[in-house]
Amino acid sequence: MNRDARSGSSDVTKRWLWYIAAIMSIGLVAGVLTAQLPPSAAATASLTQVTSFGSNPGALQMYEYVPTTAQSGAPLVVALHGCTQNATEYYDDSGWSQYADQWGFDIVFPQQTSSNNSEDCFDWWTPADDSRGSGEAESIMQMIQHMESTYSISSSRIYITGLSAGGGMTSDMLADYPDVFAGGAIDSGLPAQCATSMTATTSCEEGTSSNTAAQWGALAKNADPGYNGPYPKVAIWQGTADYTVNDANATDEMEQWTNLWGISQTASSTQSLTGGTTESSYNGPGGTPAVETYLISGMGHGLAVNPGSATGQCGQTGAYFLNYICSSYYTALFWGLNSTTSPTPTPTPTPTPTQQCFTNNNYELTVLGYAYQSFGYAFAKGSNQNMGLWSLGVTTSLSETKPGYFVIVPSCS
């Protein structure tokens, strides 16, 4: 009896020991797997609604995206959706969250409501909504202030972008708050203060205005007439086959912002990019691009995206998300979001040096500061031309055509 009892007790003890060992083994394996996961997989951010961010006179909704990669003094991007869209669609399809994860900046996605506009369009044409300190414009500004008070945001690296009506509101915000924004991107949008009533929006969208560059500049300057500081750098994206917002608007926007910068309306340089895109740069002080236009041949009304995993590809196609080129990628490069240091908003003019040429492997060229790397590829600084793999085994010749602006050449002779 006692022997059987002892034997039974021993079996139970063995079973418990085996069970504990199995659990420890599973835990060990799980720990190893977790340790092998990349940080982004272990803890990812998500789009989150913020329900209280100020008096919100424009009755907008606020969504934020704060990636786990964001560091102290992170840049901030405000991204405005187009008509019939919402913040979630813009977050899902525009590609901006991809670069926020990669380069560590925060994003605010304002959202219009049907109670304000039946088509969910941001109001870029009514002074009570698109003027400094008023309506929807002030609500967007309060979202920015909320981010600054809640997170560590670099006040010198705040940017805004938007599509269609969101692009029109982007123009107005850049003019209303030039002291706030370091840069902007107007995608299939309108010039700042193009219309002051609903009935006037038609001529804006059709691009039939006869305003001169000086008149366009005056409209934007009068949005904040007491401002005498530097203006934001502006990227302008437009499809040549856009029948909702005529492509003449791209010219009007270029004239408006080059006038505010006090620079020529003749492009300093032009190059061809993927997706039938022609990029034209208008340089400010020191030869640094202040305004850039991106005209996309054959594209209709929408935001240019380019789904895929290659360098510079982003987003998803859908209604008003069109597969041509990743506009978010090139805009982010133009703003300098791929850099961990704050760009100088008003570069000091310097004498143009004698043109120099450098031949080296792609790794050394980035170390020397003539190029940068992204997604394992090297890109020439200034021109953003793809040099191939970021590797000791790939050699490239770069010519510095102006200070800080490098282009690929066949060889240095």
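The structure is a predicted model, in which local features need pLDDT of at least 70 and side-chain atom pairs count only at pLDDT 80 or more, while totals for chains, interfaces and linings use all residues. Residues are numbered from 1 along each chain as its sequence is written, and side-chain values use heavy atoms, with hydrogens and water left out.

A search of the whole structure finds 4 disulfides, a disulfide being a pair of cysteine sulfur atoms within 2.5 Å.

The link of Cys 194 and Cys 204 is left-handed, with -115° about the S-S bond. Cys 194 is buried at a relative accessible area of 19%, and Cys 204 is likewise buried, at 4%, where buried means under 20% relative accessible area, exposed means over 50%, and partly exposed lies in between (1.4 Å probe, protein chains only).

Another disulfide joins Cys 314 and Cys 326, with 1.9 Å between the sulfur atoms. Because Cys 314 lies in the loop between β11 (303-305) and β12 (321-323), and Cys 326 in the loop between β12 and α11 (327-335), the pair ties together parts that are 12 residues apart in sequence. With 95° about the S-S bond, the link of Cys 314 and Cys 326 is right-handed. Cys 314 is buried, with a relative accessible area of 1%, and Cys 326 is also buried, with a value of 1%.

A further disulfide is found between Cys 357 and Cys 412, with an S to S distance of 1.8 Å. Cys 357 belongs to strand β13 (residues 356-361) and Cys 412 to the segment after β18 (405-409), so this pair ties together parts that are 55 residues apart in sequence. The torsion about the S-S bond of Cys 357 and Cys 412 is about -80°, and the disulfide is therefore left-handed. Cys 357 is partly exposed, with a relative accessible area of 33%, and Cys 412 is partly exposed as well, with a relative accessible area of 31%.

Technical notes: Helix = DSSP H or I, 4+ residues; strand = E, 2+ residues; numbered from the N terminus.
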